Amino acid sequence: MKSQIRLAEAIVLVAFLSCLSLSAVLDTTGAGQISWGDFVLHYLCALGLIGLGTAYRVAKRSERLAAVLIITGLYIAFTNSGAKLNYFLYPSNTVTIDVLLMRVDAYIGFDWRSFVFRFEDREMLSAFLRMVYFSSLVQLFMVILFLGFTERERKLHEFMLVGVVSSLLCILIWSITPSFGPAYIVELPPSLIESLHLAVDAGYVMHLNDVAGGKDSLIEPTSMRGLIAFPSMHTVMALMAVVFTFGTRAMPFFLAINIPMIPAILLHGGHHVSDVIAGMAVFFVVLWLVQNLMRLSRSPSASLETCPELTRSKI
């Protein structure tokens, strides 16, 4: 178990440092400019959590608390660095694949504009879906706490790896075949956008236009917004919350939240159905890869008798 834990945390640490270093290098090219000072507090918080968790682990006071603190710190550090890197990897002045994805959606009977208009007189439902949509990151930290404090260590580290590897894969796919979602190319009445309080409002579309046009921009915490449409990372996060709590007392809660996550992703995330399908594919491929990696890293001497948590944490 210790070898698996160390491997998982080492992989995420390397991913974080790689994203951070590459962002720093690209920051010197003039494609964008990172307001590093505004991110200091984020990284200090992450390093503080990692340091405190390491202290607990070295002192052998509480491994479960140590794991929760270290993984939370690593997640904060990685998500900040990955989001910054995302801004540098868009090939500016490149045509997105959104028109193609809309054709795929039409083939399976989905039209995003018509879908949005179905909520025209359902502002309360739209408000509820907006809350669901923005709950994704909170859900991830809730799952970390739940898995950590119920001693599901193997699941906890698989959860961390799936999240990080899925993020990197989504960024890679998006940088090769960029897309911003139907909200980028479909015009909606401003009154409808305002009444539904859509996350993909005029300001968001303007931000996407700046990124697509290759305009120099200041990258700071308050201005960073999600860029990736295909594959949908929100879909990955919803599946992470449900699958990694499967068979536990927490699963009904996460299932109840994430069933309406699909329409929330389409409405407030401004996504194609194709994005959601691609997000599902990314999740299950990465889950399979991570679970096999963790099995290979298992110590040959480990057994179910010496590591009872293995049986307890199986999905």
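The model is predicted, with local features requiring pLDDT of at least 70 and side-chain atom pairs counting only at pLDDT 80 or more, while totals for chains, interfaces and linings use all residues. Residues are numbered from 1 along each chain as its sequence is written, and side-chain values rest on heavy atoms, with hydrogens and water left out.

The fold contains 15 helices and 2 strands, taken as DSSP runs numbered from the N terminus (helices: H or I, at least four residues; strands: E, at least two). The protein has 315 residues, and 51% of them count as buried; here buried means under 20% relative accessible area, exposed over 50%, and partly exposed in between, with a 1.4 Å probe and protein chains only. The accessible surface is about 14900 Å², with 66% belonging to carbon and sulfur atoms (Shrake-Rupley method, 1.4 Å probe; for residues, only the protein chains shown count as cover). Contacts (heavy atoms within 4.5 Å) between residues at least 6 apart in sequence join residues at least 24 apart in 84% of cases.

Turning to the backbone, most residues other than glycine have a negative phi, and most peptide bonds are trans. Against this background, K60 shows a positive phi of about 55°. K60 sits in the loop between α2 (36–58) and α3 (63–88) and counts as exposed because its relative accessibility is 75%. E151 likewise has a positive phi, of about 60°, in the loop between α7 (136–149) and α8 (153–176); its relative accessibility of 33% makes E151 partly exposed. The peptide bond joining F230 and P231 is cis, with omega about 0°, and P231 belongs to the loop between β2 (218–219) and α11 (233–243).

The aromatic side chains come next. Rings of Phe, Tyr and Trp (its six-membered ring) pair if their centres lie within 6.5 Å; planes under 30 degrees apart count as stacked, over 60 as edge-to-face and the rest as tilted. The count comes to 10 aromatic pairs. One of them is edge-to-face, because the rings of Y75 and F159 have centres 6.3 Å apart and planes at 65°. Since Y75 lies in helix α3 and F159 in helix α8, this pair ties together parts 84 residues apart in sequence. A tilted pair is formed by F110 and F115, at 5.5 Å centre to centre and 50° between the planes. F110 is buried at 15% relative accessible area, and F115 is buried at 11%.
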